[in-house]
There are 2 protein chains.
Amino acid sequence: MAGASMLPLTTEISPPNVTVDLSIFALVEQALHVLLMKRTTDPFADRWALPGGYIHTNEDPDVDAAARRVLKDKTAVETPYLEQVQSFGDRARDPRGWTVSIAYMALISAADAGLQCGSNAAEVCWWPIEDDCVAPPLAFDHSVILATSIRRLRNKVEYSSLPVHLLPERFTLPDLQAIYERILGRRMDKSAFRKRIAEADFVEAVPGEKRAASNRPAQIYRLKPGSATIFFDRTL
Amino acid sequence: MAGASMLPLTTEISPPNVTVDLSIFALVEQALHVLLMKRTTDPFADRWALPGGYIHTNEDPDVDAAARRVLKDKTAVETPYLEQVQSFGDRARDPRGWTVSIAYMALISAADAGLQCGSNAAEVCWWPIEDDCVAPPLAFDHSVILATSIRRLRNKVEYSSLPVHLLPERFTLPDLQAIYERILGRRMDKSAFRKRIAEADFVEAVPGEKRAASNRPAQIYRLKPGSATIFFDRTL
């Protein structure tokens, strides 16, 4: 903000409303899903929507905290991978007036959320993502927000360790490869994939732990302690 | 927004203020600079700040339009490269209350802006960027916003055609290479650079136009018509 162009706070121009909206991704039955909620009130009553809500200026210290509050309210998950994607704001996206949505994406392990379709009176449901969208028409501009988040996710998957956050704490290398393949929608060469993962150095074998497999037992891996998201020096 | 968690608009909780703040980059004397304005009012009177202002819900159709309005007010430039970077919002960044800043970065050719240090009563000035910051202490959290924008710029420069927007309409390949080198802070091999630029295919020679140089005349190039920002398949 700069003094020269700043309106005094006593101006008649009302500020926009500000919300956070979340694209919460998880793998359900090996396919990428997003969490949607059915709206119970107008506008867009009975339409599916991304979980979200207004910023509570009286309790949220910052925008990330507002996103974490919404995530916890909807999924009971507290410490997932959470990333701000982009802000959307215009006079037309909400019939109640000029509204800014600060869009986030979260990656969680579906097992941690413990949600089941139809199990909640508010109608919270995992929906499969196909061709960068979901089956039901969404409220507001949420289909645009969701598509933007999916593009961000796919772009990052090409050159980062991000997908590991969709897995449970312990996993095998075939589990990890399957997640990259599912999100990117293409098969990968097993030995080339393993070479890149070894180079990126963000997972470690759990000594002595193996899982029975059809041919020979598969080594169990975990994220290296304290590992931040690793970016590869080129795409997979 | 989802109905279940949405507060009614009659709530006592006031929405945050919302501003757009711009990191406007240009090359001045071959070095990367950012446009700063000296604030004339409190808070932070007499401190340098990124140009910005509140969203005018009565005239701005959307957030990008608000950013373009601020850019035009400060630089008289209308059609630059403009990109939303990230939103910053918390209860402490502005002493007047909970404020969200939607940060943008713009790339312009300094020749188009026609600004000169000290030429404007509002004290608008290009400041050189060194080590991801500028010399004067900035108002609000603008040093954090600026550092985030510089990181975004450098990351994109590594694998995109973005820097071409810092050049005048017509340029030589040595001009283009110099810009990449200045922003990334490292020298590049001339033939490898030319190979990558040729592969990326976003510039074209202007037939018959050459510029006198010390050894032999340099071919003049321009951005291919209608070219969007091109992303390379690997870093430079």
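At roughly what angle do the axes of helix 4 of chain B and helix 5 of chain B cross?

## Helices 4 and 5

In this predicted model, the axes of helix 4 of chain B and helix 5 (residues 190–200) of chain B cross at roughly 100° and come within 11 Å. So helix 4 of chain B is roughly perpendicular to helix 5 of chain B, a label for angles of 65 to 115 degrees. Axes here are lines fitted to C-alpha atoms, for helices over the stretch in contact, with angles from 0 to 180 degrees between N-to-C directions. Helices are DSSP runs (H or I, at least four residues), numbered from the N terminus.

On the helix 4 side, L173(B), P174(B), L176(B), Q177(B) and Y180(B) meet K190(B), F193(B), R194(B) and I197(B) of helix 5; contact means heavy atoms within 4.5 Å.

## Helices 3 and 4

Helix 3 (residues 142–159) of chain B also pairs up with helix 4 (residues 173–184) of chain B: their axes come within 10 Å and cross at roughly 140°.

Leaving aside neighbours within four places in sequence, V100(B) touches residues of both chains, including V18(A), I55(A), V63(A), P16(B), F88(B) and R93(B).

## Reading the numbers

Residues count from 1 along each chain as its sequence is written, and chains are lettered from A, ligands numbered from 1, in the order written. Local features need pLDDT of at least 70, and side-chain atom pairs count only at pLDDT 80 or more, while totals for chains, interfaces and linings use all residues; side-chain values use heavy atoms, without hydrogens and water.

Technical notes:
Helices (H or I, at least four residues) and strands (E, at least two) are DSSP runs, numbered from the N terminus. Angles under 35 degrees count as roughly parallel, over 145 as roughly antiparallel, 65 to 115 as roughly perpendicular and the rest as oblique.
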